[in-house]
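Biologist: I have a two-chain model to go through. Please take me through how the chains meet.

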Amino acid sequence: MGWRYGPQLVEHSLPIGATSRPSVGDAVRMGSPLATGTVLGSPTRVVGARKLGVEPEDVDRVARVAVGADVIAGTVLARTGRRFARVVTAPRDGRLVHRSYEGDFYIAPVAGTWTVRATMEGTVVRSDDAAVSVEGSAWTLQGVAAYGPDAFGELALGVDAPTDELAPGRVDVRLHDKIIVGGARIAAEAITRAHACAVAGLVAGAAPAGGLRVVYGDEVTASGGSTREDRPTVLCLLGFGTGALPNAIYRPFVAFSGHRAAIHVASARLFVFAPEAMLDASLDAPALVLSGDFGGVRPLEGETSLTGVTRFASDAFCEGLATKDGVVPVPNVLPYDAPR
Amino acid sequence: MTAEPSAPTRYRRTVDVALESRVRRWTIDEREGHLSFDDQPTDDPSDDHTRVGYGRAARVAVFAGPGPELERILRRAVLASGAELVLFLRTTDERGLIERAAALRDARVDLVLALIAERGEADGIVDLIEALRLGCADRAPAPRIVVAGEPHAALRAKAAATGVPVELLPDPRRPEGITAFAHRCRELRRGTDHGLILRDEALEELARLVAARGTDALVVDVSGGSTSLVRADPRGDVVAAHVAPLGSGVAADRTVRRAGLDGVRRWIPWAIDAPTMLERVFNRARWPDAVAAEASALALEIALAHEALSHALVDAADAGIVEPLRDAPLTIVTGAAASFARASHTALVAIDGLASPMPTTLHRDADGALVAIGALAARMRAAGGDPTALVSEELTRRLVPLAFVVPAPLSRRRKLRVNGAEHLDDELGPGAFFSVRQRGPADVQVTGTSIDAHGTAGELGIILDARGRPLLLPPRDAERIPTLVRWFAALDLAVASVA
């Protein structure tokens, strides 16, 4: 399959402390703020039900402030009685973040703000404090792993051929806020340089795993991972090491150059917002081959034939497939879109 | 007129054993109470169809009071369940409500095990439950909480968990509590696939079947995405550690994250730079059921299997169950570690990974048939039957000794006697590692020591291991590589051609 145009569901997880988010059915645009919230400090617990002399489940009835609301020191959180009133007030400025089952209030200071932006244009289909999901249509390319925060920008080619490596020298400040398409590989130097030049994101067949460790830390895994802090965004389409892009994947990048795009890191997908008619949807990506030493991934091209059960250099026996680059184990050949 | 003898009844079963993404199918014929496994299975499953798989990943957080003993027990419960322990929060945790809630949200917890050891810990546990409510209440599906321990405090914790599904289970400090928690986690991993036999259930049943013959049995399973150690005794009692994700295939990257690059690289008998190795690890992790076509990839898988096994034992040590899971008179290796083309690769992984100081008869399940037998038996037992007699013959046929491994910690040169005869071909001194050609029952004595071991030798004979415990590898490549090559060569490996 490779590139395809169609409806996509994109889930954006939210950190704790959301203050605004869209309602289900709202229309959103790619790159626009989807939800905003506050970074919260250590909260203060304020005794509620016991001080008010009510049962915890009755605190709702006497509460004056909803969970999630901003308060200033002295704000009345809850109040009972008329002549001999019992009152619970906020001891500090901040937000009412939580009410415990025992009827106590938690007030946390606001230490900063966060914003989650939409990586898809369409309609909100789910919205709660945990996540906002958007459904929309776009040209979509599934990658194998992505790293960093979600990225938004215009697509720009950074290489001249699908087998080229993105040279750090090709990355400069003129490419700021763009998503650069590398070829078979993006070196760690190119990743850090792109970040320094305010490039929005990088897409390539593969990235060196060691370079990813340098950029994202030793905890990085092959599954990728989204981060919220300011880091480069990298989308690996085929694997790690080297991964020459098949023409069926690379040529649409040429056509899409200049169009708005987004990388959704959690699902390792690239969305390009271009007209459906722009590309021939029947352009199938070839199968992929994992090299015998696991060092890289390449597209399966040219004539192939089954060789039956074959003995490989490692003494392993399994069905083989003769390719122009030699016989490969059949399990090491997978369709582009195979789950992995 | 005489009645014609009736034809023997024949019953056909199918067992599908899931690998990383593929499935290996076994067709099993039952005639007159005996099973026979077909190595050339048909494409169509029979009506009696057993499926063995890993189930879905279950991410578990634990809430508990401080105390190392409590932590050991809870780790043991999680290891027995096959779930992944993603967060261990103590009531003394110094983080505030927001940080705890954020940690729980980021950990994407499926199940929380909250143990209230004594009534005074209830306040702390309730605070942790408040953090769970703040962090995960809106998640769909919401995480479940399993509360155990002091009954009154458990009820208070249950009341605090408004909006989150709660169950009360027996205290995991008692054996039935561990069993109940493991059962609950397995239900979660099975999801709606009620007929699925989990791989860890099959391994436990296999260990029970083998141990029922009168000897404690240890099953060591290193597969692509999980690593298990299961010990059973003749009474049927099982101690198990199922660690996921940790393995030599799709969890290769997780193994490297735990062991470190150098931890894995040290087992590769030639020089390889860290970035190159990491690329191979990452590609392997994202390519289910990939075949190591080149020797370098095979060496990587062997190294990963070594470390997966070592780190499963580290987890078992943290849970206080390492001794039973290291030493058993009979060891069976299953999974990817048993499927290497050469039996000696399997032996090296088991010997070095377990680093057991006790002699053991080593077996390997090269084609996965023993796991299929275990799965079939687990299904029968779950249905209320006793599978022992039915699978006995096939189990005997498949359970072929590979080697008799005798660790011999030595301080100076000694003499080796095998079945009473002195063995003079190899020098037995500190650091020695060699194989003595022998098949069948073997008595091994080392003069001047208390070693007097009895076991059964197989294809790899008797393996004498005087390298000492813990096994130490020289840090420098110049010494490490020749040492590793010597160990590989000792078990007849063609490493030279690769190097």
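Biologist: How many residue pairs are in polar contact between chain A and chain B?
Modeller: This is a predicted model, where local features need pLDDT of at least 70, side-chain atom pairs count only at pLDDT 80 or more, and totals for chains, interfaces and linings use all residues. Residues are numbered from 1 along each chain as written, chains are lettered from A and ligands numbered from 1 in the order written, and side-chain values use heavy atoms, without hydrogens or water. A polar contact is a pair of N or O atoms within 3.5 Å; within protein, one must be able to donate a hydrogen and the other to accept it, and residues adjacent in sequence count only if both atoms are side-chain atoms. With both residues at pLDDT 80 or more, the count between chain A and chain B is 24.

Biologist: By class, which residues does the side of chain A that touches chain B have?
Modeller: Ala, Val, Leu, Ile, Met, Phe, Trp, Tyr, Cys and Pro count as nonpolar, Asp, Glu, Lys and Arg as charged, and the others, Gly among them, as polar. On that side of chain A there are 14 charged, 14 polar and 32 nonpolar residues.

Biologist: Which residue forms a salt bridge with A:Arg45?
Modeller: A salt bridge is a side-chain nitrogen of Lys or Arg within 4 Å of a carboxyl oxygen of Asp or Glu. The rule finds seven across the interface of chain A and chain B. For A:Arg45, the closest N and O atoms are 3.0 Å apart, and the partner is B:Asp127.

Biologist: How many residues of chain B are in contact with chain A?
Modeller: Contact means heavy atoms within 4.5 Å. Chain A brings 60 residues, and chain B brings 49.
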